Amino acid sequence: GAAAGALGEIFGDTFISLVYLPAIATQLESSINRMTLVTHATLLSCVNLMQESLFAMSESTLLEDLSFLTSRIIQPLLRVIVDTQAVFPEGTRRQLCQSVVDILQIMCSKLGRETAAVQVMPVLEMFFMYFAVLYSEGS
């Protein structure tokens, strides 16, 4: 995590956008399609790298990459978190959920109040919609 974040800081936003984000998306996609103990660790590693990457990104790069982040990273993470068929080791689902909340918080603080209200609101609505569906199915 910290070493990867340091590389992102050294090489800059372009490195994060062209190397880290696609790698995270690819790892998430392959992990979600075949859940094992190893892929659970991969999911956790991806969200940690995502958090470190967000810290190193500028506001302008975050805005440029927001659609990719939402569609290729956050949405797949949310889908697997609320998938009642996915079996996780104890605490992993909660940890992933907290990591998504942390990612959203980092994004909002980077973007500022006004921009976050416009740009991140659809992601937050999706986040709460997924959990509303999960809890309505569970009851």
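Me: In this predicted model, which residues does Ile 73 touch, leaving aside those up to four places away in sequence?
Reply: Ile 73 touches Leu 21, Ile 24, Ala 25, Leu 28, Met 50 and Phe 68, and contact here means heavy atoms within 4.5 Å.

Me: What makes Ile 73 stand out inside the largest nonpolar core?
Reply: That core has 42 residues, and Ile 73 is listed with Leu 54 and Met 107 as those with the most contacts inside it. The elements giving two or more residues to this core are helix 2 (13-33), helix 3 (37-56), helix 4, helix 5 (92-111) and helix 7 (121-138), while helix 4 gives the most, with ten residues.

Me: Why is Leu 7 called partly exposed?
Reply: Leu 7, which is found in helix 1 (residues 2-11), has a relative accessible area of 37%; buried means under 20% and exposed over 50%, so a value in between is called partly exposed. Together with Ile 10 and Phe 11, Leu 7 forms a nonpolar patch on the surface, with about 320 Å² of accessible area together.

Me: How do you know that Asp 65 has no salt bridge?
Reply: The nearest side chain of opposite charge, Arg 72, is 11 Å away from Asp 65, whereas a salt bridge needs a side-chain nitrogen of Lys or Arg within 4 Å of a carboxyl oxygen of Asp or Glu, and therefore Asp 65, although buried, has no salt bridge.

Me: Where does Asp 65 lie, and what does this residue touch?
Reply: Asp 65 lies in helix 4 (residues 59-82), and, not counting residues up to four places away in sequence, Asp 65 touches Ser 17, Leu 21 and Met 57.

Notes:
Residues numbered from 1 in each chain as written. Predicted model: local features only at pLDDT ≥ 70, side-chain atom pairs only at ≥ 80, totals over all residues. Heavy atoms only, no water. Helix = DSSP H or I, 4+ residues; strand = E, 2+ residues; numbered from the N terminus. Buried < 20%, exposed > 50% of the residue type's maximum accessible area, 1.4 Å probe, protein only. Lys, Arg positive; Asp, Glu negative; His and termini not counted. Patch = residues over 30% accessible without salt bridge, like charges linked within 9 Å, V, L, I, M, F, W, Y side chains within 5 Å. Areas by Shrake-Rupley, 256 points an atom, 1.4 Å probe, with all protein chains shown as cover. Core = buried A, V, L, I, M, F, W, Y, C linked by side-chain atoms within 4.5 Å.
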